[in-house]
Amino acid sequence: MYADPDISAAIGKMDPPELRDDLRQEIFLVLAEMDEALLIQRHREGWLRYYIVRTMLNMIKSDRSTFYNRFRRGFEELGDIGERIPD
């Protein structure tokens, strides 16, 4: 599933492009942490791909996901760093 062309195409639509590899890693980390029996069941029933895409969309859209907090959260603006402070 890691190299699945459909999964790669879905990840390839995510912006910004420099976070695509991180997104892929986070998705498959979720799968690696999942109960093995549940993972196998989802694969056998044919909806593991749907689960992966749904997980990806949740990671991208949610402002409370681990992916958002690690990679997408904007840094607070600190002001003009070049500004001189009088002596």
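This is a predicted model: local features need pLDDT of at least 70, side-chain atom pairs count only at pLDDT 80 or more; totals for chains, interfaces and linings use all residues.
**Briefing: an all-helix chain**

Residues are numbered from 1 along each chain as its sequence is written, and side-chain values use heavy atoms, with hydrogens and water left out.

**Confidence**

- The chain has a mean pLDDT of 84, and 84% of its residues reach 70 or more; pLDDT is the predictor's confidence in each residue, from 0 to 100.
- Among the elements, helix α3 (residues 36-44) has the highest mean pLDDT, at 95, while helix α5 (residues 66-72) has the lowest, at 80.
- Residues 75-80 are the stretch to treat with care: their pLDDT is below 50, and beyond near neighbours in sequence they have zero contacts in the model. Contact here means heavy atoms within 4.5 Å.

**Whole-chain numbers**

- Of the 87 residues, 25% count as buried. Buried means under 20% relative accessible area, exposed means over 50%, and partly exposed is in between (1.4 Å probe, protein chains only).
- The accessible surface comes to about 6,900 Å², and 51% of that belongs to carbon and sulfur atoms. These areas come from the Shrake-Rupley method with a 1.4 Å probe; for residues, only the protein chains shown count as cover.
- Take the contacts between residues at least 6 apart in sequence: 55% of them join residues at least 24 apart.

**The core**

- The largest nonpolar core has 16 residues, and Leu23, Ile27, Ile52 and Met56 have the most contacts inside it. By definition, such a core is a set of buried Ala, Val, Leu, Ile, Met, Phe, Trp, Tyr and Cys residues joined through side-chain atoms within 4.5 Å.
- Helices α1, α2 and α4 each supply at least two residues of this core, and α4 gives the most, with five.
- Leucine 23 is in contact with Ile11, Met14, Met56, Met59, Ile60 and Phe67, leaving aside neighbours within four places in sequence.

**Helix α2 and glutamate 26**

- With 14 residues, α2 reaches 20 Å from its first C-alpha to its last, close to the 20 Å expected at 1.5 Å a residue. The expected span is 1.5 Å times one less than the number of residues.
- Its buried residues are Leu23, Arg24, Glu26, Ile27, Phe28 and Leu31, and their cover includes α1 (5-12), α3, α4 and α5.
- Glutamate 26 lies in this helix, which covers residues 20-33. It is buried because its relative accessible area is 8%.
- The side chain of glutamate 26 makes a polar contact with the side chain of arginine 70, at 2.8 Å. A polar contact is a pair of N or O atoms within 3.5 Å; within protein, one must be able to donate a hydrogen and the other to accept it, and residues adjacent in sequence count only if both atoms are side-chain atoms.
- Setting aside residues up to four places away in sequence, glutamate 26 touches Met59, Thr66, Phe67, Arg70 and Phe71.

- Tyrosine 50 sits in helix α4 (residues 48-61) and counts as exposed because its relative accessibility is 55%.
- Tyrosine 50 and isoleucine 7 are 43 residues apart along the chain, yet their C-alpha atoms are separated by 9.6 Å.
- Tyrosine 68 belongs to helix α5, and 22% relative accessibility makes this residue partly exposed.
- Not counting residues up to four places away in sequence, tyrosine 68 touches Met59, Ser62, Asp63 and Arg73.

**The cis proline**

- Aspartate 15 and proline 16 are joined by a cis peptide bond, with omega about 0 degrees.
- Proline 16 is in the loop between α1 and α2, and counts as partly exposed at 27% relative accessibility.
- From proline 16 to arginine 72 the distance is 9.3 Å, C-alpha to C-alpha, with the two 56 residues apart in sequence.

How values were computed:
Helices (H or I, at least four residues) and strands (E, at least two) are DSSP runs, numbered from the N terminus.
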